[in-house]
Amino acid sequence: MKMEKVEQLRHYYLRHDKKFPHVWCPGCGNGIILGSLIRAIDKIGLSKDEVVLASGIGCAGRMPVYADFNTLHTTHGRALTFATGIKLARPELNLITVMGDGDATGIGGNHFIHAARRNLNLTAIIINNQIYGMTGGQYSPTTPYGAKAATATGGHLEHAFSIADLAVTAGASFVARGTVYHVPHLDKLIEQGIRKNGFAVIEIMAYCHTQFGRRNKMGDAVTMMEKLRDRAVAVKDPGAAGSPGTAVAAGASDTPGAAASAGALDSDSLDTLDGKFAIGVLTDVEKPDYIAEYARLRAASRLNAQNAGNAGK
Amino acid sequence: MAKKKSYRQHIFYDWCKACGLCVAFCPKQVYRRNEEGQPVVADAAKCVGCRFCELHCPDFAITISAVDAPSRSAAAHTAQTSIEEAADER
């Protein structure tokens with residue numbers, strides 16, 4: 001019998017010698033994101049050897065275990081540093097990092113902002129479940145104000161920041177946000193991010209019903225998935241304009257529902273448990289990436305050295 | 001009336017963790033949950049092939065395939081197979 005396309009992808013990209021079902025909790029969005037990543041890479045047509053998937057520590061860090069690319073499972077928060085080294089040594093490879101919110105912006109926050117500033121051609125997929133899930137539910141930099149966590153049992157006293165806004169400010173050339181509910185949309189965002197020549201950040205809003213949902217009485221995976229669907233509002237693609245897009249109304253059932261006023265799309269709403277947030281391409285700018293800049297410097301230096309040598313004769 | 005396309009839902013129970021996403025979000029209520037919370041095909045003929053369950057199954061456990069020659073008996077057979085598979089699982 002003919003194998004369906006989706007089955008072919010599973011057979012081709014998932015490792016056969018790893019234990020399935022995977023380690024993630026029932027209903028966790030990480031598996032959905034792995035599927036999305038596989039489809040995006042297949043769509044671009046990259047071979048498995050041309051892709052490097054690096055991750056840090058945490059639930060998201062398990063993803064390279066299951067995907068049959070060149071993979072690394074690195075130390076906490078350092079996925080981008082390892083990826084930077086590989087990219088500099090082998091610029092022809094496509095580097096993709098998978099991190100959680102705590103991994104990327106808490107433990108590895110400094111590496112993240114400087115990787116964005118450097119504009120090396122990497123793709124950073126950041127799964128934002130608003131908590132450190134694997135280590136037991138400690139609050140992360142994106143845990144909303146007032147939310148309960150293992151280390152904030154009386155409600156969180158600090159405020160969350162928006163990863164996408166941080167990436168824009170730090171100078172990433174492509175910043176997008178998606179959710180694990182809007183999967184066809186997510187496929188496209190990941191594809192655009194990988195194709196982008198420059199530092200690309202895709203923040204994926206997910207949920208942790210085990211550590212976050214249970215403490216905050218937000219229900220099971222299904223309820224939290226519904227919440228994501230209702231909270232997300234699509235933005236218009238800003239193209240090369242470079243500024244976060246403005247909110248537009250979207251109607252179709254698989255695209256975000258009733259658009260709120262633009263004011264409700266403030267990044268402050270990510271600091272609440274039920275505020276609306278924007279999804280889509282938030283920034284897409286063209287600027288020379290680090291590899292191109294370095295090649296230019298090398299060529300110029302070589303020319304200078306030759307000229308100096310000729311002058312000496 | 002144009003021929004309605006029919007779809008077959010294959011559930012790979014070895015990988016299913018009974019999270020319930022497919023059952024809850026199916027726009028046509030194709031699935032129902034068994035005692036263990038896993039989906040069983042309740043009415044295959046209702047499936048419109050949107051593949052929401054296939055895309056959103058975190059465990060890669062659902063495959064939707066278009067059936068070339070649609071017939072009520074094929075759909076009934078699918079439902080029966082799924083129930084048997086569920087029974088084997090127990």
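Strand 4 (residues 122–128) and strand 6 of chain A run parallel and are joined by six bridges. Strands count as paired if DSSP finds at least two bridges between them. The strands themselves are DSSP runs of E with at least two residues, and the helices are runs of H or I with at least four, each numbered from the N terminus. The model is predicted: local features need pLDDT of at least 70, side-chain atom pairs count only at pLDDT 80 or more, and totals for chains, interfaces and linings use all residues. Residues are numbered from 1 along each chain as its sequence is written, with chains lettered from A and ligands numbered from 1 in the order in which they are written.

Between strands 5 and 6 of chain A the chain passes through helix 8 (residues 183–195), in a right-handed β-α-β crossover. Right-handed means that, with the strands pointing away from the viewer, the path from the first strand over the helix to the second runs clockwise.

Strand 6 (residues 200–205) of chain A is largely enclosed by the rest of the structure, because six of its six residues are buried. Buried denotes 20 or more other C-beta atoms within 10 Å of the residue's own, with C-beta atoms placed from the backbone. In a regular strand, side chains alternate between the two faces of the sheet. In strand 6 of chain A both faces are covered. A200(A), I202(A) and I204(A) are buried on one side, and V201(A), E203(A) and M205(A) on the other.

The open sheet of chain A has eight strands in the order 2-1-3-4-6-5-8-7, with mixed pairing. Strand 2 (70–73) and strand 7 (232–234) of chain A stand at the edges with a single partner strand each, so one side of each lacks a neighbour in the sheet. The twist averages 20° from one strand to the next. Strand 1 (residues 51–55) and strand 3 (residues 94–100) of chain A pair in the parallel sense over five bridges. L53(A) has I96(A) as its bridge partner in strand 3 of chain A.

Helix 6 (residues 109–118) and helix 7 (residues 163–170) of chain A pack at about 45°, with axes 8 Å apart. The contact involves I113(A), A116(A) and R117(A) of helix 6 and L166(A), A167(A) and A170(A) of helix 7 of chain A. Contact requires C-beta atoms, placed from the backbone, within 7 Å.

Technical notes. Buried ≥ 20, exposed ≤ 12 C-beta atoms within 10 Å, placed from the backbone. Axes fitted to C-alpha atoms, helices over the stretch in contact; angles between N-to-C directions. Contact = placed C-beta atoms within 7 Å.
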